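Subject: The structure, and what turned up in it

Hello,

Here is the structure I promised to pass on to you. Please open it beside this message, and my notes will follow below.

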Amino acid sequence: MSAKAVKTAPPCQRGFTPPHGAGFTLVELLLGTGLLLGAGGALLIGMQQAMIHTDYLSQFHVAMNTAEGELERLSAVPVTTLWTDNTYAAARAGAQTTPLASLPNGQMAVQIRSADVRMPTNPNLVDLHVAVCWRSRGRIIGEANGALLCVQTGGAAYPNPGWEVNSPAMVSTRLTRRD
């Protein structure tokens, strides 16, 4: 006896109806899409903030290396030379500023102050301060009254007479005479 072959339609032509309650409703689909878009937007904002902070930290690293290098260079100079040589007169009088090509609108300021209260005019101790300022994404890093300056003369911002360094990338040391 031969078996009769039953012909059936291919699966794509059959009328498939899911059981009751299976599948997504339009509301569920809209909610899922909204959550996915919200999470994607938050991820993009987080990535943008990470890029901004990476840029700032990269510039800060360059600024700190520059300031530390200048402080090392100045630390090798004898105190007598720092206090009497005309090369450092601007640093003693307020601040000696130098433009920096390694940072956008970069500027380095050097200060030399007497730390010797007994002999301030011929000190045995001097304080060295080196600060680096720059502009990042329209914001001034190390500013004084909105200007790209590492140094601010005394006033409302700095009640102490004289001058102060104002920068997040600043290094300082105290040197003594090696006579």
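The notes below go through strand pairing, salt bridges, backbone angles and the surface.

First, some ground rules. This is a predicted model, in which local features need pLDDT of at least 70 and side-chain atom pairs count only at pLDDT 80 or more, while totals for chains, interfaces and linings use all residues. Residues are numbered from 1 along each chain as its sequence is written, and side-chain values use heavy atoms, with hydrogens and water left out.

Helices (H or I, at least four residues) and strands (E, at least two) are DSSP runs, numbered from the N terminus. Strand 3 is mostly covered, with 10 of its 12 residues buried. Here, buried means under 20% relative accessible area, exposed means over 50%, and partly exposed is anything in between (1.4 Å probe, protein chains only).

Two strands are called paired if DSSP finds at least two bridges between them. These are the pairings of strand 3 that I can report:

- Strand 2 runs antiparallel to strand 3, and eight bridges join them; Ser 114 stands opposite Val 126 of strand 3.
- Strand 7 is also antiparallel to strand 3, again with eight bridges; here Val 132 stands opposite Ala 169 of strand 7.
- Strand 4 pairs with strand 3 in the antiparallel sense over three bridges, and Arg 135 stands opposite Ile 140 of strand 4.

**Salt bridges**

How many salt bridges does a search of the whole structure find? There are three, where a salt bridge is a side-chain nitrogen of Lys or Arg within 4 Å of a carboxyl oxygen of Asp or Glu.

One of them joins Arg 174 to Asp 127, with the closest N and O atoms 2.6 Å apart. This pair links distant parts of the chain, since Arg 174 is in strand 7 (residues 169-176) and Asp 127 is in strand 3, 47 residues apart. Asp 127 has a relative accessible area of 14%, so it counts as buried.

Another is formed by Asp 55 and Arg 137, whose closest N and O atoms are 3.7 Å apart. Asp 55 is partly exposed because its relative accessible area is 28%, whereas Arg 137 is exposed because its value is 56%.

In the remaining pair, the side chains of Glu 70 and Arg 73 meet at 2.8 Å, N to O. Why are Glu 70 and Arg 73 separated by about one helical turn? Because they are three residues apart in helix 1. Glu 70 is buried, because its relative accessible area is 15%, while Arg 73, at 42%, is partly exposed.

**Two residues with positive phi**

Arg 137 comes up again here. In the hairpin of strand 3 and strand 4, which has two residues between the strands, Arg 137 takes a positive phi near 50 degrees.

Asn 105 is a residue other than glycine with a positive phi as well, near 55 degrees. You will find Asn 105 in the loop between strand 1 (96-100) and strand 2 (106-114). With a relative accessible area of 48%, Asn 105 is partly exposed.

**On the surface**

Phe 24, Leu 26, Leu 29 and Leu 30 form a nonpolar patch with about 510 Å² of accessible area together. Patches are made of residues with over 30% relative accessible area and no salt bridge; like charges are joined within 9 Å, and nonpolar side chains (Val, Leu, Ile, Met, Phe, Trp, Tyr) within 5 Å. Accessible areas come from the Shrake-Rupley method with a 1.4 Å probe, and for residues only the protein chains shown count as cover. Phe 24 sits in the segment before helix 1 and counts as exposed because its relative accessibility is 75%.

Finally, have a look at Glu 72 in helix 1 (residues 26-75). Its relative accessibility is 59%, so Glu 72 counts as exposed. The C-alpha atoms of Glu 72 and Thr 173 are separated by 9.6 Å, although these residues are 101 apart along the chain.

Best wishes
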